[in-house]
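Thank you for sending this model along for comment.

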Amino acid sequence: MEKLLIIKTIYKIHASVYLLAFFSILTASFIEFIIIMSLIMIHELGHYTSAKLLKEEVKNIMIYPFGGITKINMEINESFKKEFIILIMGPIFQIIGCLLLIGIFPPKKEMIIIYHNGILLFNLLPIYPLDGGKLLKLGLDYLCPYKKSFKRIIMISYSVVIILFITKTTNINIIYTTIFLLFLIRKEQKKWVKQLYL
């Protein structure tokens with residue numbers, strides 16, 4: 001019971017995930033739903049665990065239909081090494097999780113690999129707050145002042161999302177995801193601007 005309470009405290013599930021679960025039952029694709037959600041949760045657990053080990057304050061892990069966000073209270077201009085370790089542990093955990101899922105569902109091996117690769121590649125897009133956007137921002141922090149690097153990563157993030165939306169307007173999942181990403185970018189922009197000018 002105590003372990004279940006810890007898991008419930010760590011993971012916060014967005015309402016749209018429950019809706020997706022309902023539709024997956026109706027369309028007989030619940031196993032696929034479980035595999036995708038497991039990969040996402042394991043990926044975010046990598047960020048969570050590494051942040052905890054590095055003595056960072058972690059609020060929780062928010063799970064969405066297309067991915068998750070581990071909410072960490074990190075200082076502005078945190079050390080490159082610490083941020084890099086926290087970022088890279090998500091993909092590392094996901095690779096391990098992929099192998100475990102293949103062991104649990106051997107007949108679904110091909111599907112697990114496809115979903116794993118899809119989540120991994122999507123997460124590496126240069127869109128903040130995805131891992132790819134955060135990694136790019138780390139690189140930009142080395143090349144220019146912090147405020148300038150943040151403005152650049154926000155501009156790049158908006159540009160990539162708009163390109164995705166324009167090129168994939170016939171795909172309802174991409175449309176939903178890009179709209180949601182725009183909301184997240186704006187939210188991050190407001191949060192960081194507030195911190196920068198306090």
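**Notes on the predicted model**

1. I begin with a pair of helices: the axes of helix α4 (residues 80–104) and helix α5 (residues 109–123) come within 9 Å, and they cross at roughly 170°. Because an angle over 145 degrees counts as roughly antiparallel, α4 is roughly antiparallel to α5. Please keep in mind that this is a predicted model.

2. Which residues make the contact between these two helices? On the α4 side they are Pro-91, Gln-94, Ile-95, Cys-98, Leu-101 and Ile-102, while α5 contributes Lys-109, Ile-112, Ile-113, His-116, Ile-119 and Leu-120. Sorted by class, the contact of α4 with α5 consists of nine nonpolar, two polar and one charged residues.

3. Helix α2 (residues 15–26) deserves a separate look, since its twelve residues reach 17 Å from the first C-alpha to the last, which is close to the 16 Å expected at 1.5 Å a residue. Within α2, the residues Ser-16, Val-17, Ala-21 and Ser-24 are buried. Seen down the axis of α2, these buried residues fall within an arc of 150°, and therefore they line one face of the helix.

4. Is Thr-177 buried or exposed? This residue lies in helix α8 (residues 172–196), and it counts as buried because its relative accessibility is 12%, where buried means under 20%. Leaving aside residues up to four places away in sequence, Thr-177 touches Phe-66 and Phe-122.

5. Finally, for the chain as a whole, the protein has eight helices and three strands, and, read along the sequence, these follow the pattern α-β-α-α-β-β-α-α-α-α-α. Of the 198 residues in the protein, 40% are buried. Among contacts between residues at least 6 apart in sequence, 63% join residues that are at least 24 apart.

Conventions:
Residues are numbered from 1 along each chain as its sequence is written. This is a predicted model: local features need pLDDT of at least 70, side-chain atom pairs count only at pLDDT 80 or more; totals for chains, interfaces and linings use all residues. Side-chain values use heavy atoms; hydrogens and water are left out. Helices (H or I, at least four residues) and strands (E, at least two) are DSSP runs, numbered from the N terminus. The expected span of a helix is 1.5 Å times one less than its number of residues. Buried means under 20% relative accessible area, exposed over 50%, partly exposed in between (1.4 Å probe, protein chains only). The arc is that of the directions from the helix axis to the C-beta atoms. Axes are lines fitted to C-alpha atoms, for helices over the stretch in contact, and angles run from 0 to 180 degrees between N-to-C directions. Angles under 35 degrees count as roughly parallel, over 145 as roughly antiparallel, 65 to 115 as roughly perpendicular and the rest as oblique. Contact means heavy atoms within 4.5 Å. Ala, Val, Leu, Ile, Met, Phe, Trp, Tyr, Cys and Pro count as nonpolar, Asp, Glu, Lys and Arg as charged, and the others, Gly among them, as polar.
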